[in-house]
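Subject: A structure for you, with notes on its salt bridges

Hi there,

Here is the structure I promised to pass on.

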Amino acid sequence: SGDMYRREVLERLGGFDEEFDACEDVELNFRADKIDLKALISPKLTVEYAARENHTSFGKQLFRYGVGRYRLFRKHPGTLGLGAMITFLFALGVIFYPFFWLSSVEAGLLATIPAIIYLAVVFGISVKLVRDEPKSLLLYLPLVFFMIHFSLGIGLLTGGFIIRK
């Protein structure tokens, strides 16, 4: 995260919640927002970000973020937004998709409708993103989107099984 806090702000908020190993900045900002603290945003400040070096570490990072989002939801129930719910439902859909086909052709076809919609949306967004980039990215971006959505969703799902308090 590229956040900076004054010491008195951190003290007033009680510092970071050390139970979080991901999403701790979102949780702290949620508490700050609850007491109506304002943030200063300056275009003069920049943050350098080093992307993960491979798909596996990227997937693990997003999985951790999903678990962190579940932990945030457990601590502050109003924080589970539509985006998180969609990734959760997406992951469940991927897991259970073959079982729809095993139960009946009709169930399999019905389960294919959201898959087609997902692929169409992801492909459309990918086309828009690669407009000024190498067209070879068009084959790569849908896989990246899948990894993002599935890893976050599996993290949320797993968080529900491993976080009990």
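This is a predicted model: local features need pLDDT of at least 70, side-chain atom pairs count only at pLDDT 80 or more; totals for chains, interfaces and linings use all residues.

Residues are numbered from 1 along each chain as its sequence is written, and side-chain values use heavy atoms, with hydrogens and water left out.

Some background: side chains of opposite charge can pair when their charged atoms come close. A salt bridge here is a side-chain nitrogen of Lys or Arg within 4 Å of a carboxyl oxygen of Asp or Glu. The structure holds 5 of them.

One of these joins Lys75 to Asp17, with the closest N and O atoms 2.7 Å apart. Lys75 lies in helix α3 (residues 55–75) and Asp17 in the loop between α1 (7–13) and α2 (24–34), so the pair ties together parts 58 residues apart in sequence. Helices (H or I, at least four residues) are DSSP runs, numbered from the N terminus.

How exposed are the two partners? Asp17 is buried at 17% relative accessibility, while Lys75 is partly exposed at 37%. Buried means under 20% relative accessible area, exposed over 50%, and partly exposed in between (1.4 Å probe, protein chains only).

Another salt bridge pairs Glu27 with Arg31, at 2.8 Å between the closest N and O atoms. Both sit in helix α2, 4 residues apart, or about one helical turn. Glu27 is buried at 0%, and Arg31 is buried at 16%.

Finally, Asp17, Glu27, Arg31 and Lys75 are linked in a network of salt bridges.

Happy exploring!

Notes
Helices (H or I, at least four residues) and strands (E, at least two) are DSSP runs, numbered from the N terminus.
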